[in-house]
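Colleague: I am new to this one. Could you show it to me, and let me ask how you know what you say?

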Amino acid sequence: HSDWTLSHVIDGNVAGNGSFDSPFGVAFDMSGDVHVTAYNSNSVTVFTPSGQFVCKYDQTHLNGPAGIAIDSAGYSLVTNSSSPGSLSIYDPSGRFIHSIGSFSDPYGVSVSPDGSVWVADTGNHRLVK
């Protein structure tokens with residue numbers, strides 16, 4: 001909002017599939033859905049803008065998910081900060097595609113306007129493209 005006030009809360013303490021523990025990263029897809037990484041519950045949960053649960057990503061390859069970015073094609077990039085650190089790629093439905101890299105505590109991830117992916121490799125004190 002233009003006045004910088006908080007206007008909505010998505011509560012991770014709800015029972016069922018929409019619950020999450022220790023939210024870390026947040027990103028929006030092209031339809032406006034909210035994708036939330038949750039470090040302690042090793043999950044990425046998707047909600048509508050109004051807070052309704054949509055789905056969870058395939059959790060098989062999540063290990064301390066922290067950062068999340070969504071590219072222009074709808075693919076999600078999730079940093080797994082627990083050892084060994086990696087970047088996992090998910091299709092627009094949340095299905096795991098592939099993991100890449102060997103990082104140390106990667107937390108942030110972003111997609112630049114030209115489509116390049118940048119990872120904050122925190123433990124190695126560097127940014128990786």
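**Strands and hairpins**

Modeller: Start with one link: four residues lie between E6 and E7, and the two strands form a hairpin. Bear in mind that this is a predicted model.

Colleague: How do you know that E6 and E7 pair?

Modeller: Pairing calls for at least two bridges between the strands. Five bridges join E6 to E7, residues 85–90. So the pair qualifies by that cut-off. The two strands run antiparallel.

Colleague: Which strand pairs with E6 over four bridges?

Modeller: That is E5, residues 65–70, again in the antiparallel sense. Here isoleucine 68 stands opposite valine 78 of E6. E5 and E6 also form a hairpin, with five residues between them. Look for glycine 74 in that turn: its phi is positive, about 95 degrees.

Colleague: What makes E6 a mostly covered strand?

Modeller: Five of its five residues, 76–80, are buried. A residue is called buried because its relative accessible area is under 20%. Both faces are covered, too. Ser76, Val78 and Asn80 are buried on one side, Leu77 and Thr79 on the other.

Colleague: And why is E5 called largely enclosed?

Modeller: Six of its six residues are buried, so the rest of the structure largely encloses E5.

Colleague: How many bridges does E9 share with E10?

Modeller: Four, and the sense is antiparallel. E9 covers residues 106–111 and E10 covers 117–121. Valine 109 has valine 119 in E10 as its bridge partner. The hairpin has five residues between the strands, and glycine 115 takes a positive phi near 90 degrees.

Colleague: What makes E10 and E11 a pair?

Modeller: Three bridges join E10 to E11. The cut-off is at least two, so they count as paired. They run antiparallel. Alanine 120 stands opposite leucine 127 in E11. Four residues separate the strands in this hairpin, and histidine 125 in the turn has a positive phi of about 55 degrees.

Colleague: Why is lysine 129 called exposed?

Modeller: Its relative accessibility is 63%, and exposed means over 50%, so lysine 129 counts as exposed. You will find lysine 129 in the segment after E11, which spans 126–128.

Colleague: What does lysine 129 contact, beyond its neighbours within four places in sequence?

Modeller: Ser116, Val117 and Trp118. As for histidine 61, it is 68 residues from lysine 129 in sequence and 21 Å from it in space, C-alpha to C-alpha.

Colleague: Why is valine 54 called partly exposed?

Modeller: Its value is 38% relative accessibility. Buried needs under 20% and exposed needs over 50%, so a value in between is called partly exposed. Valine 54 therefore counts as partly exposed. Its place is in strand E4, residues 53–56.

Colleague: Which residues touch valine 54, leaving aside neighbours within four places in sequence?

Modeller: Asp33, Val46, Phe47 and Thr48 are in contact with valine 54. Tyrosine 75 is 21 residues away in sequence, and its C-alpha lies 16 Å from that of valine 54.

**The whole chain**

Colleague: How many helices and strands does the protein have?

Modeller: Zero helices and eleven strands. Read along the sequence, the pattern is β-β-β-β-β-β-β-β-β-β-β.

Colleague: How do you know that the radius of gyration agrees with a compact globule?

Modeller: For 129 residues, a compact globule would have a radius of gyration near 14 Å. The protein has 14 Å, so the two agree. Its C-alpha atoms fill a box of roughly 35 × 30 × 25 Å along the principal axes.

Colleague: What share of the residues is buried?

Modeller: Buried residues make up 39% of the 129. The protein exposes about 7,200 Å², and carbon and sulfur atoms supply 54% of that area.

Colleague: Where do the charges sit, on average?

Modeller: There are 4 positive and 11 negative charges, and their mean positions are 9 Å apart.

Methods: Residues numbered from 1 in each chain as written. Predicted model: local features only at pLDDT ≥ 70, side-chain atom pairs only at ≥ 80, totals over all residues. Heavy atoms only, no water. Rg over C-alpha atoms; globule rule 2.2 N^0.38 Å. Buried < 20%, exposed > 50% of the residue type's maximum accessible area, 1.4 Å probe, protein only. Areas by Shrake-Rupley, 256 points an atom, 1.4 Å probe, with all protein chains shown as cover. Lys, Arg positive; Asp, Glu negative; His and termini not counted. Charge placed at Lys NZ, Arg CZ, Asp CG, Glu CD. Contact = heavy atoms within 4.5 Å.
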